[in-house]
Amino acid sequence: MTQRDSDAGYDDEDEDDVPEWPDQVMATVAGEVRRLRKELGMSAQDLADRCEEIGHPIPRNVIANMESGRRANLPLVDVIVLAAALHVSPVCLIYPLGYVGRVQRLPLQHSVPTWDAMRWFTGDDPGSNAVNLMLGLFRDHERDQRAVLAALKGERRERWTAEAAATPAERDEALRAQADYAEKGTLAKYRLRVTRSRIQEEGGTPPHVPHQLIGASPETTGPQLPTYLEEMDI
């Protein structure tokens, strides 16, 4: 079915000239593959060779047909491998930020800014109706893990500063900073343990953690939240 002009973002074209939504998506990917290939100084054969090296051959003629619009379909696995061969994220082939201003997310919808479409696709749009609890939990896990590692790094740095201090005042200042980092690390590690527990409660498997964070998993013995923090809303 041909899209309506207003829905497809082709207000100045006749309805019969508006490409169907799948064709628009394919044309966007093909255009970005061609742009990146030329930017990298690669021929279609170079790109085909790289895809074969990755382990999923895409012949030169298939790439040429895709770029010229003669290819009838574009499998997802091809998009993934082409992105790897061109050193970009697969989502950047579908939503080329900075190179395509607006795209149509779904059939029979108005076009939207490419940035908005990408945020929807990757689950980063807070206003989207598409909710993935596990995706949010894993992002929380990454945030909490970074916070713990940063606190541990800061604590080690201030400990060394205290040991190397030239005056009692410098040593006291470093020790106070070390204690502050230790407190932040305890709180962050507690939050990490809570996040890992929630992932397990939802039937998921928490990610592996660096050896410095052994004890953050709820099934092992980890640091407890200080009493004076237990009443905080965290």
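Buried means under 20% relative accessible area, exposed means over 50%, and partly exposed lies in between (1.4 Å probe, protein chains only). I kept that scale at hand for the entries below.

**Ground rules.** I worked from a predicted model, where local features need pLDDT of at least 70, side-chain atom pairs count only at pLDDT 80 or more, and totals for chains, interfaces and linings use all residues. Residues are numbered from 1 along each chain as its sequence is written, and side-chain values use heavy atoms, with hydrogens and water left out.

**Arg 198.** I started with Arg 198 and found a relative accessibility of 38%, so it counts as partly exposed. Arg 198 sits in helix H9, residues 168-201 (helices are DSSP runs of H or I with at least four residues, numbered from the N terminus). Leaving aside residues up to four places away in sequence, I saw that Arg 198 touches Leu 133 and Leu 137; contact here means heavy atoms within 4.5 Å. I also looked up the C-alpha separation of Arg 198 and Leu 137: 7.6 Å in space, for 61 residues in sequence.

**Gly 31.** Next I turned to helix H2 (residues 21-39), which holds Gly 31. Gly 31 has a relative accessible area of 23% and is therefore partly exposed. Its C-alpha atom is 6.5 Å from that of Glu 67, 36 residues apart along the chain.

**Cysteines.** How many disulfides does the structure hold? I found 0 disulfides, taking a disulfide as a pair of cysteine sulfur atoms within 2.5 Å. I checked accessibility too: Cys 51 is buried at 0%, whereas Cys 92 is partly exposed at 30%.

Definitions and conventions
Helix = DSSP H or I, 4+ residues; strand = E, 2+ residues; numbered from the N terminus.
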